[in-house]
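Here are a few exercises to work through with the model open beside you. Try each task before you read its solution.

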Amino acid sequence: MSESWYGRSIEVRLGNPGHGGFCVARHEGRVVFVRHGLPGELVLAEITEDRGGSFCRADAVEIVEASPARVSARCPISGPGGAGCCDFSHATLDAQRAMKSSVVAEQLRRIAGIEREVEVEELPGTDDGTGWRTRLRLAVDREGRAGFHGYRSSQVITDLLCPQPVLGTYQGLAERDWRPGGEIQVTVDGDGARHVVEIEPAKVSSTGRRSPGRRGATARRAAQAGPRREHVVEGSGRAVERVGGREWELSATGFWQAHRGAAQAYSSVVAEWAEAAPGSIAWDLYGGVGVFAAELAEQVGPDGEVVSVESGRGAVDDGRRALADLGQVQLRAARVEKVVGELPVPVGAVVLDPPRSGAGREVIEALAHAGPGRVIHIGCDPAAFGRDVGLYLAQGYRLEQVRAFDAFPMTHHVECLALLTR
């Protein structure tokens, strides 16, 4: 193995953005993934991680030649050595969306073999990229202080300065002592009410390993990871949300789109694309509390049937209460991969919004076997999204449309929606 570059400073010219919030550079025959820079910039980069092999990671610690798209960083804790919250706070919003567009197109090309330009669209309420996040999960350090995890680190940065959350999210959190090693969920719901829930630390098993918690998994998968006790510190712990004139009440720690405008935007796309015929059967997979099921129910009408499958029992219970007036909707508490082959057919339209890791081969092959004419696939990870699109193509589907939304401004994350037809 060659000598490690860790800690070394190198001058590099940055190339295209890569999936993960960095730009790609090359130095002495190796690939360097550089954060905090922009395409075309000449930077002094400090190597922060080198495990050998063909690539290493670095931070741009000095900008030698700046891009015209560079601005003063809006997030004061996200720079080199800081938190992992804001990858792109040093770029204009237009530049951020251009980088995300490039990444989505590159993943579709590289993984699915599709050449297609993708425009990342703005969501309402993000004029400057701040104040959009309504759900925030904070870590708690050994001293009981709430904060953000450092980038690729267990370090907790206790300066509550990231500008993503809506106004009032942080109020009073820094003045309180929390359970060391636990987490804090802060939710500001559709009525503007703040709910603060303290989540106890993950238990350590007899093997010495921490039992899995919700970090690194979507809330809808939390039940599979094992329950952790929650204590409501402020608010009722029951968040009120609305989409299309319908109201949901759900757990403040349950899954709902973080961006205040996302749920309505995605629901509108589903309503436009699904084209579920009156009296037909439709599926809503990984359905959460049934936001998309409500849209499908409007289309199939009282003589149709909508089956929504969600692994989180709490979400299913909340969805059943919200959709109690829609007799054509059936919400099932189950893992999609376990029941997708048993759902009612013939199915006309399917909507699925899987976790970040995507739906995968097993689910997509079973879905394709049922033969729906239209599939709306939603993904928040471009690589997993590209892989899933490729699996549909292998099953005889065609990619009709793609839309992408800047649902996570100042981060590298982007939400993608695909319409696939037979």
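Predicted model: local features only at pLDDT ≥ 70, side-chain atom pairs only at ≥ 80, totals over all residues.

**Exercise 1: around helix 3**

Task: find what covers the buried residues of helix 3.

Solution: the cover includes strand 14 (238–243), helix 4 (291–300), strand 19 (347–352), strand 20, strand 21 (398–405) and strand 22 (415–421). Helices (H or I, at least four residues) and strands (E, at least two) are DSSP runs, numbered from the N terminus. Contact means heavy atoms within 4.5 Å. Next, pick out the residues being covered: Ala262, Tyr266, Val270 and Trp273 are among the buried ones in helix 3. Buried means under 20% relative accessible area, exposed over 50%, partly exposed in between (1.4 Å probe, protein chains only).

Residues are numbered from 1 along each chain as its sequence is written, and side-chain values use heavy atoms, leaving out hydrogens and water.

**Exercise 2: cysteine 380**

Task: is cysteine 380 buried or exposed?

Solution: start with its place, the loop between strand 20 (374–379) and helix 8 (382–394). Its relative accessible area is 15%, so cysteine 380 counts as buried. Now look for its neighbours: leaving aside residues up to four places away in sequence, cysteine 380 touches Arg356, Val414 and Glu415.
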